[in-house]
Amino acid sequence: MPTIRDLAAAKAGGRKIVMVTAYDASAARLLAGTEVDCLLVGDSAMMVVHGQRDTLGATVELMAMHTRAVVRGAPGKLIVTDFPFLAARKGIAPALDAAAELLRAGAHAVKIEGVRGHANVIRHLIESGIPVMGHLGLQPQSVHTLGGYTVQGRDPVEAQRLHEDAAELQALGVFALVLECVPQKLARNVTAELQIPTIGIGAGAGCDGQVLVWHDLLGLNPDFKPKFVRPFADGATVLREGINRFVTAVRAGKFPTNKESFS
Ligand SMILES: Nc1nc(=O)c2c([nH]1)NC[C@@H]1CN(c3ccc(C(=O)N[C@@H](CCC(=O)O)C(=O)O)cc3)CN21
Ligand SMILES: CC(C)C(=O)C(=O)O
Ligand SMILES: [Mg+2]
């Protein structure tokens with residue numbers, strides 16, 4: 001059974017951590033047959049699966065539903081589920097209810113954006129035996145305060161704040177920290193200061209690991225091209241060509257054949 005200890009061991013051994021998002025059982029099944037360390041049931045589901053413009057529509061119930069699907073597809077992988085918008089901001093009891101629902105759905109840990117104003121919630125979850133992954137830098141649940149999905153920590157005050165927040169999260173006991181869209185030097189420095197592993201997205205090669213969204217890594221979303229995304233496959237072309245071969249075969253009367261039909 002995979003555990004959060006494996007991630008600590010990876011940092012200690014200088015082996016890079018690889019995390020990929022998953023939202024459904026068939027993707028999870030595919031990931032289960034790879035060397036990926038960890039699956040993230042991200043609230044990015046709202047954007048890449050549900051077609052919304054931001055992640056704010058995610059609910060505990062929806063995240064639990066995606067988590068159950070991913071767990072069925074990849075029962076052998078370490079699975080982390082995003083705490084949805086405001087789930088960590090309503091006090092300790094609602095946060096415990098949310099964590100209970102997500103862990104009962106099969107998640108092994110939860111990821112929570114930010115720390116200021118909800119450190120007590122994070123502490124209580126961790127003391128309750130729920131592994132928490134931190135998330136600093138760009139926090140998409142704050143998109144309307146930030147005014148967009150932009151790089152965070154470029155000015156010295158913001159950079160200092162990131163150092164402080166990362167140290168606080170480590171002191172609270174988070175087992176790993178996602179750094180999203182921060183300058184690579186800053187991410188490298190924060191990573192060097194921490195004992196816990198950092199997992200970057202748009203945070204350069206100095207992190208202890210990397211995470212990408214399924215659709216981005218497989219080129220399924222060719223119109224979404226932020227600087228930090230590299231499509232490692234041309235998924236959109238592969239899938240479109242497959243669909244077009246189906247259309248062509250049907251129109252030519254070549255699908256289905258007798259072998260593909262029942263007598
Ligand atoms: N498909 C997908 N991939 C993601 O990585 C992702 C999501 N969705 N949804 C939730 C958040 C939102 N994220 C985003 C979305 C857009 C940019 C973006 O367009 N960045 C620009 C401008 C950066 C700047 O100059 O400040 C870029 O070019 O990287 C970055 C992160 C990352 N997350
Ligand atoms: C981009 C990752 C880190 C995330 O939080 C998500 O997919 O929701
Ligand atoms: Mg997220």
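The model is predicted.

The chain is divided into domain 1, which covers residues 4-232, and domain 2, which covers residues 235-263. Taken over C-alpha atoms, the centres of domain 1 and domain 2 are separated by 39 Å. Ala 236 belongs to helix H11, which comprises residues 235-251. In space, Ala 236 and Leu 220 are 4.6 Å apart from C-alpha to C-alpha, although 16 residues separate them in sequence. Apart from neighbours within four places in sequence, Ala 236 is in contact with Gly 219, Leu 220 and Pro 222. Ala 236 has 16 other C-beta atoms within 10 Å, and it is therefore partly exposed.

The helices come next, beginning with a general point. An α-helix has 3.6 residues a turn, so residues three or four places apart point the same way. In helix H2 (25-32), the buried residues are Ala 27, Ala 28 and Leu 31. Because these residues cover an arc of only 100° around the axis, they lie on the same side of H2. The elements that cover the buried residues of H2 include strand E1 (17-21), E2, H4 and helix H10 (214-217).

Helix H4 consists of the 14 residues 60-73. The buried residues of H4 are Val 60, Met 63, Ala 64, His 66, Thr 67, Ala 69, Val 70, Val 71 and Gly 73. They pack against helix H2, E2, H3, E3 and helix H5 (92-104).

This leads to the interior. In soluble globular proteins, nonpolar side chains tend to be buried together. The largest nonpolar core of this model has 73 residues, of which Ala 22, Leu 39, Val 70 and Leu 177 touch the most other members. H4 gives the most to this core, with 6 residues. Leaving aside neighbours within four places in sequence, Leu 177 is in contact with Gly 134, Leu 136, Ala 166, Leu 169, Leu 194, Ile 196 and Thr 198.

The remaining positions come from a database record. In an unreviewed entry, UniProt lists Asp 43, Ser 44, Asp 82 and Lys 111 under "binding site". These residues are spread over 69 residues of sequence, yet they cluster in space, with a largest C-alpha distance of 12.5 Å. The unreviewed entry also places the feature "binding site" at Asp 43, Asp 82 and Glu 113. This set is spread over 71 residues of sequence, and its largest C-alpha distance is 10.9 Å.

Where do these residues lie? Asp 43 is found in the loop between strand E2 (38-41) and helix H3 (45-48). Asp 43 is buried because 27 other C-beta atoms lie within 10 Å. Its contacts, beyond four places in sequence, are Thr 55, Ala 58, Met 63, Asp 82 and Pro 84. Asp 82 is placed in strand E3, residues 78-82. With 30 C-beta neighbours inside 10 Å, Asp 82 also counts as buried. Not counting residues up to four places away in sequence, Asp 82 touches Val 41, Gly 42, Asp 43, Met 63 and Lys 111. Glu 113 lies in strand E4, residues 109-113, and is buried, with 24 other C-beta atoms within 10 Å. Beyond four places in sequence, Glu 113 is in contact with His 135, Gln 139 and Gln 141.

Finally, UniProt lists Glu 180 as "active site" in an unreviewed entry. Glu 180 is found in strand E6, and with 22 C-beta neighbours inside 10 Å it counts as buried. Apart from neighbours within four places in sequence, Glu 180 is in contact with His 135, Gly 137, Leu 138, Ile 201, Gly 202 and Ala 203.

Technical notes:
Residues are numbered from 1 along each chain as its sequence is written. Chains are lettered from A and ligands numbered from 1 in the order in which they are written. This is a predicted model: local features need pLDDT of at least 70, side-chain atom pairs count only at pLDDT 80 or more; totals for chains, interfaces and linings use all residues. UniProt positions are given in the numbering used here, feature names are shortened, and annotations may be inferred rather than shown by experiment. Helices (H or I, at least four residues) and strands (E, at least two) are DSSP runs, numbered from the N terminus. A residue is buried if 20 or more other C-beta atoms lie within 10 Å of its own, exposed if 12 or fewer, and partly exposed in between; C-beta atoms are placed from the backbone. Two residues are in contact if their C-beta atoms, placed from the backbone, lie within 7 Å. The expected span of a helix is 1.5 Å times one less than its number of residues. Domain bounds come from an automatic or database domain assignment. A nonpolar core is a set of buried Ala, Val, Leu, Ile, Met, Phe, Trp, Tyr and Cys residues joined through C-beta atoms within 7 Å. The arc is that of the directions from the helix axis to the C-beta atoms.
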